[in-house]
Amino acid sequence: MATTITLEGAARTEFGKGAARRMRVANLIPATVYAGGEEPVFVQLPMKETTLSLRHTNALFTIKFGDETKMAVVKDVQRNPVKRIVEHVDFYEVKAGEKIDVEVPVFVEGTPKGAAVAFVDIQELKVRADVANLPEKIVVNVDGLTDGSKVFAKDVVLPEGVVLDVEDPEESVVTVEVPEDAADEAAPVETAPAENAE
């Protein structure tokens with residue numbers, strides 16, 4: 001189930017770098033809500049609440065401004081490269097019941113056998129889901145998997161109502177293998193006889 005977040009802001013009437021700077025001084029973030037084929041809507045949102053809400057991947061936002069309400073998902077976030085503060089957010093308007101494509105981060109859980117370690121080959125998987133059911137993450141269980149095991153995109157267990165939307169379902173998402181340094185440690189090491197120090 002998607003995290004649903006409500007943000008209350010106001011319509012934006014000033015534009016340009018100077019206006020954006022004034023907004024940020026007032027603890028507001030300029031944002032744009034894009035809608036397919038329609039004119040975008042320009043809003044300003046509270047900085048603290050918006051920044052905290054952006055920690056949720058694929059959250060569903062209800063954006064209120066004036067008498068209007070828009071349902072949207074995050075399309076792009078611009079951050080200051082030095083201060084890391086959010087400078088601008090682009091949203092994409094969605095409708096209830098609409099299915100959209102999203103990128104979902106991949107995590108692993110469980111412990112492989114022996115010295116084997118799980119490596120995530122694809123950091124994010126592209127899936128298609130209802131806007132009310134966008135997953136925040138996809139978890140791949142590697143419990144008991146042995147060295148050389150792979151979990152392919154087609155084998156990933158997805159939440160109900162979520163469909164894989166990748167070009168190659170045979171692509172490896174997680175690989176389980178013994179790291180080279182661990183394999184080296186397991187092998188007997190031949191030591192050269194110590195030379196007599198003069």
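Guide: A word on UniProt features before we start: their positions are given in the numbering used here, feature names are shortened, and annotations may be inferred rather than shown by experiment. In this case UniProt places "domain: Large ribosomal subunit protein bL25 L25", from an unreviewed entry, at residues 7-91. The model is predicted, so local features need pLDDT of at least 70 and side-chain atom pairs count only at pLDDT 80 or more, while totals for chains, interfaces and linings use all residues. Residues are numbered from 1 along each chain as its sequence is written, and side-chain values use heavy atoms, with hydrogens and water left out.

Visitor: How much helix and strand is there in residues 7-91?

Guide: Helices (H or I, at least four residues) and strands (E, at least two) are DSSP runs, numbered from the N terminus. Residues 7-91 are 19% helix and 54% strand, with end C-alpha atoms 12 Å apart. UniProt also places "domain: Large ribosomal subunit protein bL25 beta" (unreviewed entry) at residues 99-179. That span is 0% helix and 46% strand, and its end C-alpha atoms are 40 Å apart.

Visitor: Which domains does the domain assignment give?

Guide: Such bounds come from an automatic or database domain assignment. Here you get domain 1 (4-94) and domain 2 (100-182). Their C-alpha centres lie 31 Å apart. The contact, meaning heavy atoms within 4.5 Å, takes 7 residues from domain 1 and 10 residues from domain 2.

Visitor: What area is buried between domain 1 and domain 2?

Guide: Buried area is the accessible area (1.4 Å probe) that two parts lose on being put together, summed over both. For this pair the figure is about 650 Å², with carbon and sulfur atoms giving 61%. On the domain 1 side, Thr 57, Asn 58 and Leu 60 supply 66% of the area buried against domain 2, more than any other three residues.

Visitor: Is Thr 50 buried or exposed?

Guide: Buried means under 20% relative accessible area, exposed over 50%, and partly exposed in between (1.4 Å probe, protein chains only). Thr 50 is buried, at 0%. You'll find Thr 50 in helix 2 (residues 47-53). Leaving aside neighbours within four places in sequence, Thr 50 is in contact with Leu 7, Ile 29, Leu 45 and Val 89.

Visitor: Which residues touch the most other members of the largest nonpolar core?

Guide: A nonpolar core is a set of buried Ala, Val, Leu, Ile, Met, Phe, Trp, Tyr and Cys residues joined through side-chain atoms within 4.5 Å. The largest has 24 residues, and Ile 100, Leu 125, Val 140, Val 156 and Val 173 touch the most other members. Strand 7 (99-109), strand 9 (124-130), strand 10 (138-141) and strand 13 each give two or more residues to this core. Strand 7 gives the most, with 4 residues. This core draws at least three residues from each of domain 1 and domain 2. A second, separate core of 18 residues includes Val 41, Leu 54, Ile 63 and Val 89.

Visitor: How many residues of strand 13 are buried, and which strands pair with strand 13?

Guide: Strand 13 (residues 172-177) has 5 of its 6 residues buried.
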